[in-house]
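Here is a short briefing to read alongside the model. Please keep the structure open as you go through the points.

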Amino acid sequence: MHVAILAGDGVGPEVVAEARRVLEALHLPQMQFEDGLVGGAAYKVSGHPLPEETLQLARRADAILFGAVGDPDCDNLERHLRPEQAILGLRSALKLFANLRPAKLFPELADASALRPEIAKEIDLVIIRELNGDVYFGEKGFRTTTDGYRQGYDVMSYDEQEVRRIARVGFETARARDGRLCSVDKANVLETSQLWRDVVIETAKDYPDISLSHMYVDNAAMQLVRNPGQFDVIVTGNLFGDILSDQASMCAGSIGMLPSASLDAAQKGLYEPIHGSAPDIAGQGKANPLATILSAAMMLRYSFGLGEPADRIERAVAQALAKGARTADLGGALSTSQMGDAVLAAL
Ligand code: NAD
Ligand code: IPM
Ligand code: MN
């Protein structure tokens, strides 16, 4: 079990350090870690946010534990040199097309949710976000219109096999849960979404046991805060999934709580919190490490088939929260490493 650790920028190294301590405390035989530079941290050393060496490490490893990339110092670099290109490059080079973003409220955190506790406590959903296509990876650029105005453009597109393979992940995930899949699109306006919807409906023929519904993304954003409990599994495109998962995180207490798994067709995975490098709190020991610790649990479960130690981590997080452990985002005063200590104590 060879794990590449790509901590990245901002709070990335702070939260990854806690997840690593938790993994080490499990004393799993044969688990070894290898660190690599990524994002702005890599750019500053080597002039590229995803150096060849790091990409090779990611390819060699059985799984990747990722922190976050993004550095305000790099926001004016040419796009291909910006830190964010590192995570996009890894997702694309390793064909990590299926991004699983579970959002569940730990009951102890009902008071931390942006929603009223009786609404928040119902949230238990998984967003299946497509990760290799959409407006993220289409043709893009700047040009000048015939009137002489500057214009920016990003082409949104999906082909049918891209939709089919993520739809299948959605149906399979629903099958392993409550059997309800909601496909989120904007088919009332976008041709990309019309194809998405058509292909999801075709794919549904193979899953007669799953109850499929469709929702426009604007309505889905509203329904997520009105009644998040109505969702079991959401399947959606790259851009809509990005936005809806940040929103879902606040229903579940904090953006510092949501883990994710990005998987290829063979369950090779990259595991990362859904949040970014949080430059506003970086270096202050304030970041909540639980999303990354829970991502490590997903890694054990999905990449290594180690359900029991994954459960142990999740139970330890629940216990730490039950005992009152709270970082600032959850209304408390624990530092990043004190939250790590609380999880380790519960473990
Ligand atoms: P962000 O997720 O980094 O931060 C948004 C807000 O949430 C901030 O106020 C931050 O302090 C807070 N926050 C985030 N994680 C937290 C944690 N663990 N504990 C407590 N509070 C937390 O989003 P942003 O500010 O829009 O982006 C900052 C940088 O991160 C940008 O460069 C962006 O491109 C990058 N980013 C990277 C990833 C990734 O690496 N996968 C994801 C999102 C954003
Ligand atoms: C995420 C981030 C990334 C995305 C950025 C940093 C490229 O927001 O992982 O959610 O948009 O996918
Ligand atoms: Mn995001």
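Let's begin at a ligand: E84, L88, R91, R101, R129, Y136, D242 and I274 surround ligand 2, where a residue counts as near a molecule if one of its heavy atoms lies within 4 Å of it. This is a predicted model, in which local features need pLDDT of at least 70 and side-chain atom pairs count only at pLDDT 80 or more, while totals for chains, interfaces and linings use all residues. Residues are numbered from 1 along each chain as its sequence is written, chains are lettered from A and ligands numbered from 1 in the order in which they are written, and side-chain values use heavy atoms, with hydrogens and water left out.

**Ligand 2**

- R91 places a polar side-chain atom 2.7 Å from an oxygen atom of ligand 2.
- For R129, the distance from a polar side-chain atom to an oxygen atom of ligand 2 is 2.7 Å.
- R101 also has a polar side-chain atom by an oxygen atom of ligand 2, at 3.1 Å.

**Ligand 1**

- Ligand 1 has 20 residues around it, and E84, G276, A278, D280 and N288 come nearest.
- The side chain of E272 has an N or O atom 3.0 Å from a nitrogen atom of ligand 1.
- Backbone atoms take part too: a polar one of G276 is 2.8 Å from an oxygen atom of ligand 1, and a polar one of S277 is 3.1 Å from an oxygen atom of ligand 1.

- Domain 1 covers 1-102 + 257-347 and domain 2 covers 114-251, with bounds that come from an automatic or database domain assignment.
- Fifteen residues is the share of domain 1 in the contact, against 20 residues from domain 2; contact here means heavy atoms within 4.5 Å.
- The C-alpha centres of domain 1 and domain 2 are 24 Å apart.
- Between them, domain 1 and domain 2 bury about 1,400 Å², 65% of it on carbon and sulfur atoms; this is the accessible area (1.4 Å probe) that two parts lose on being put together, summed over both.
- On the domain 1 side, F97, N99 and R101 lose the most area to domain 2, together 44% of what that side buries.
- α4 (84-93) and β4 (98-104) each supply at least two residues of the domain 1 side that touches domain 2, and β4 gives the largest share, 5 residues.

**Salt bridges**

- The count comes to 23 salt bridges, each being a side-chain nitrogen of Lys or Arg within 4 Å of a carboxyl oxygen of Asp or Glu.
- One of them joins the side chains of K44 and D71 (2.6 Å, N to O).
- This pair ties together parts that are 27 residues apart in sequence, because K44 lies in helix α2 (residues 40-46) and D71 in the loop between β3 (63-68) and α4; helices (H or I, at least four residues) and strands (E, at least two) are DSSP runs, numbered from the N terminus.
- Between domain 1 and domain 2, the count is 0 salt bridges.

Definitions and conventions
Polar contact = N/O pair within 3.5 Å; in protein donor to acceptor, adjacent residues only side chain to side chain.
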